Amino acid sequence: MGERAAAASLKFVTVQANSASLAEARARVFEFFKTTCRSIPTVMEIYNLQDVVNESQLRSAVSSEIRRHAHITNPKVIDMLLQKGTEELHNIVQHSKQRHHIIGQYVVGQRGLVHDLGTKDEGTSDFLKNFYRSNYF
Amino acid sequence: MAAASASSFIPLKPRPTPRVKLGAPQSFSFRRPALAPARLRISCVAKPETVEKVAKVVKKQLALPAETLVTGDSKFAALGADSLDTVEIVMGLEEEFDISVEEDSAQSIATVQDAADLIEELVRKKCA
């Protein structure tokens with residue numbers, strides 16, 4: 001599994017207090033993102049995702065999830081989102097989910113299979129593509 | 001190096017202190033443990049292939065066209081990376097080189113050259 005995943009798994013035991021400021025919440029977001037990225041090899045091994053996706057695609061799926069909420073400035077809301085994210089990560093790493101959940105939510109996501117986006121999407125307009133993805137663009 | 005990586009860790013054993021016999025000539029016949037400084041910034045230049053690999057990861061992450069010039073001095077912010085992108089690039093480098101970057105080292109990365117130097121240092125520590 002490697003030292004990276006082992007180091008990341010230690011963090012699940014701690015319960016964090018509320019963030020005092022936006023800067024602290026921001027630091028917590030980056031910590032959460034790093035923990036998630038370091039658990040990605042474990043996740044790929046548990047759910048046998050080696051043929052479907054590679055690590056950097058999962059990493060960009062995670063970062064786009066985080067970026068969807070990048071406009072939020074209230075530390076309490078950020079804490080709540082982090083708590084949900086940690087819970088989700090915990091469920092995934094503990095194998096409480098199944099392979100089709102991971103594939104449906106993070107590999108295929110909202111945009112179609114990540115490495116199948118090719119010639120069929122070239123004609124559509126950018127406005128529609130962004131519109132299908134989220135409200136904020 | 002344990003003291004450098006976990007600053008809140010309290011060491012259980014005190015470091016060995018030199019014992020000098022009274023009356024004997026001052027001779028330190030043993031060797032004091034060499035103290036590596038906690039944050040040593042290596043000022044020598046990283047290997048060009050390391051810089052190349054870092055540039056490749058950066059370009060892929062930021063989806064830059066292949067002909068964009070990414071040199072050692074390019075700052076991540078100038079290439080269009082926000083803070084989350086920078087963290088993601090560091091994670092990509094961790095995966096590529098199979099190293100683990102500490103929190104405070106990651107804060108000091110601003111250019112491609114910083115990243116390459118840090119990677120070289122960590123790879124050297126890992127193999128040593």
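What share of the contacts in chain A with a separation of 6 or more comes from residues 24 or more positions apart? Such residues account for 65% of those contacts, a contact being heavy atoms within 4.5 Å.

The model is predicted: local features need pLDDT of at least 70, side-chain atom pairs count only at pLDDT 80 or more, and totals for chains, interfaces and linings use all residues. Residues are numbered from 1 along each chain as its sequence is written, chains are lettered from A and ligands numbered from 1 in the order in which they are written, and side-chain values use heavy atoms, with hydrogens and water left out.

**Chain A**

Select chain A and display it by secondary structure. Its secondary structure comprises six helices and zero strands; helices (H or I, at least four residues) and strands (E, at least two) are DSSP runs, numbered from the N terminus. Of the 137 residues of chain A, 34% are buried, that is, under 20% relative accessible area with a 1.4 Å probe, protein chains only.

**The largest nonpolar core**

Next, select A:Phe33, A:Leu49, A:Leu58 and A:Ile66, which touch the most other members of the 27-residue largest nonpolar core. Such a core is a set of buried Ala, Val, Leu, Ile, Met, Phe, Trp, Tyr and Cys residues joined through side-chain atoms within 4.5 Å. At least two residues of this core come from each of α2 (22–47), α3 (55–67), α4 (75–93) and α5 (99–108) of chain A, and from α3 of chain B. The greatest contribution, ten residues, is that of α2(A).

Centre the view on A:Leu58. Leaving aside residues up to four places away in sequence, A:Leu58 touches A:Ile40, A:Met44, A:Leu49, A:Val53, A:Tyr106 and A:Val107. Apart from this core lies another, of 24 residues, including B:Val54, B:Val101, B:Ala116 and B:Ile119.

**The interface**

Now show both chains. Here 16 residues of chain B are in contact with 16 residues of chain A. The area buried between them is about 1500 Å², with carbon and sulfur atoms giving 50% of it; buried area is the accessible area (1.4 Å probe) that two parts lose on being put together, summed over both.

Four salt bridges are found across the interface, each a side-chain nitrogen of Lys or Arg within 4 Å of a carboxyl oxygen of Asp or Glu. Select A:Arg38 and B:Glu94: they form a salt bridge whose closest N and O atoms are 2.6 Å apart.

Finally, highlight α3 (83–97) and α4 (103–107) of chain B, each of which supplies at least two residues of the side that touches chain A. On that side α3(B) gives the most, with nine residues.

Conventions. Buried means under 20% relative accessible area, exposed over 50%, partly exposed in between (1.4 Å probe, protein chains only).
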